[in-house]
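Trainee: I have this one open for the first time. Can we walk through it?
Mentor: Go ahead and ask.

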Amino acid sequence: MTRITNEQIAADDASKRSVEHTRKLQSIEIVDPVFKETYTAYVTKKSAGWRGWIPDVPEVKCEGKTKTELLKRLTAQLREALEAREKAWDKKLEEDIKAGKLDRLREEALEEIKAGRVIDL
């Protein structure tokens, strides 16, 4: 799901160019269908197509011949990047568990349960 939030926003480097040569950016909200998180993408028209990126997920940047193609690619790359981050997180958590880095937290939780300071949700 994509929706345009701002039609035209001047580029950050507008001060380096004259007004006639300032590229226009469009701010697009892309909603990740799995986590229901919203990410802001910036797209701009180039001479041979469109370019876009998502600042919060720096590995997501691509180009497309049309704006529609670009948005599809951005959405697909975002999903891939988020899945890769999730896998990396899971792997790191498993490594930390095996290394005993979470044992102290487990022990503290068990002590809280034994002392009756835990509320059953």
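Trainee: How many salt bridges does the structure hold?
Mentor: Nine. Keep in mind that this is a predicted model.

Trainee: Which residue forms a salt bridge with E63?
Mentor: K46 does, and the closest N and O atoms are 3.0 Å apart. E63 sits in strand β5 (residues 61-64) and K46 in strand β3, so the pair ties together parts that are 17 residues apart in sequence.

Trainee: What does the side chain of R85 meet in a salt bridge?
Mentor: The side chain of E59, at 3.5 Å from N to O. This pair links distant parts of the chain, with E59 in the loop between β4 and β5 and R85 in helix α1, 26 residues apart.

Trainee: And which residue pairs with E112?
Mentor: R117, with the closest N and O atoms 2.9 Å apart. R117 counts as exposed because its relative accessibility is 56%, while E112, at 32%, is partly exposed. There is also a network: salt bridges that share partners join D32, R79 and E83.

Trainee: Changing topic. Which residues touch the most other members in the largest nonpolar core?
Mentor: I30, V43, I54, V57, L74 and L78, out of 16 residues in that core. β2 (24-31), β3 (38-46) and α1 (67-98) each supply at least two of its residues. The largest share, six residues, comes from α1.

Trainee: What does V57 touch, leaving out residues up to four places away in sequence?
Mentor: Y39, L78, A81 and R85.

Trainee: Last one: how far does helix α2 reach from its first C-alpha to its last?
Mentor: 17 Å, close to the 16 Å expected at 1.5 Å a residue. The helix has twelve residues, 103-114. Just after α2, G116 takes a positive phi of about 75 degrees.

Terms used:
Residues are numbered from 1 along each chain as its sequence is written. This is a predicted model: local features need pLDDT of at least 70, side-chain atom pairs count only at pLDDT 80 or more; totals for chains, interfaces and linings use all residues. Side-chain values use heavy atoms; hydrogens and water are left out. A nonpolar core is a set of buried Ala, Val, Leu, Ile, Met, Phe, Trp, Tyr and Cys residues joined through side-chain atoms within 4.5 Å. Buried means under 20% relative accessible area, exposed over 50%, partly exposed in between (1.4 Å probe, protein chains only). Helices (H or I, at least four residues) and strands (E, at least two) are DSSP runs, numbered from the N terminus. Contact means heavy atoms within 4.5 Å. The expected span of a helix is 1.5 Å times one less than its number of residues. A salt bridge is a side-chain nitrogen of Lys or Arg within 4 Å of a carboxyl oxygen of Asp or Glu.
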